[in-house]
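Here is a short report on a single fold. It takes the sheet and its helices, then the aromatic side chains.

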Amino acid sequence: MTMPINEQKDDITYETQSVIMEVFFKYFESQFGEGRVINKVADMIAKSVINADNDPGEWAPSAHTVIYHVNGMPSIDHIELWAKVSNELPGMFYVEAINPEVSAVYNLQ
């Protein structure tokens with residue numbers, strides 16, 4: 001049985017949030033300080049990494065997830081780490097930059 005699209009987008013959004021926390025942990029520690037990372041970053045990630053269906057800017061309606069590179073979210077200049085996020089996402093999902101402040105997670109299938 002196939003999962004409804006919105007539910008699948010929610011799952012990929014949560015997975016993307018988790019992978020970002022993992023991949024960028026040392027970066028976040030350097031920005032926010034040790035010990036304060038989890039709470040501050042979890043809140044920032046939840047606000048910056050959203051289901052594309054809930055994106056008020058409608059940057060990428062065909063994407064699963066939209067990532068805003070604001071309020072502490074690492075910029076696309078960290079290309080190697082964003083590539084690692086893509087590599088750790090399930091299946092054929094990957095992160096693609098739309099502009100300097102917005103990226104999206106798409107599925108190649």
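In what order do the 4 strands of the open sheet stand? This is a predicted model. The order is β1-β2-β4-β3, and the pairing is antiparallel. β1 (49-51) and β3 (93-99) stand at the edges. Each has a single partner strand, so one side of each lacks a neighbour in the sheet. From one strand to the next, the twist averages 25°.

Strands of a sheet pair through backbone hydrogen bonds. Here, strand β2 (residues 65-68) and strand β4 (residues 102-107) run antiparallel and are joined by 4 bridges. Within this pairing, Val66 stands opposite Ala104 in β4.

Two helices lie across strands of the sheet, as listed here.

| Helix | Residues | Lies across | Angle |
|---|---|---|---|
| α3 | 37-48 | β1 and β2 | about 40° to β1 |
| α4 | 79-88 | β2 and β3 | about 145° to β3 |

Now the aromatic side chains. How many aromatic pairs does the structure hold? The count is 6. One of the pairs is Phe24 with Tyr27. Their ring centres lie 6.0 Å apart. Their planes stand at 80°, so the pair is edge-to-face; the cut-off for that class is over 60 degrees.

Is Phe24 buried or exposed? Phe24 has a relative accessible area of 0%. Buried means under 20%, so Phe24 is buried. Phe24 also belongs to an aromatic cluster with Tyr27, Phe28, Phe32 and Trp82.

Methods:
Residues numbered from 1 in each chain as written. Predicted model: local features only at pLDDT ≥ 70, side-chain atom pairs only at ≥ 80, totals over all residues. Heavy atoms only, no water. Pairing = 2+ DSSP bridges. Axes fitted to C-alpha atoms, helices over the stretch in contact; angles between N-to-C directions. Contact = heavy atoms within 4.5 Å. Phe/Tyr/Trp six-rings, centres within 6.5 Å; stacked < 30°, edge-to-face > 60°. Buried < 20%, exposed > 50% of the residue type's maximum accessible area, 1.4 Å probe, protein only.
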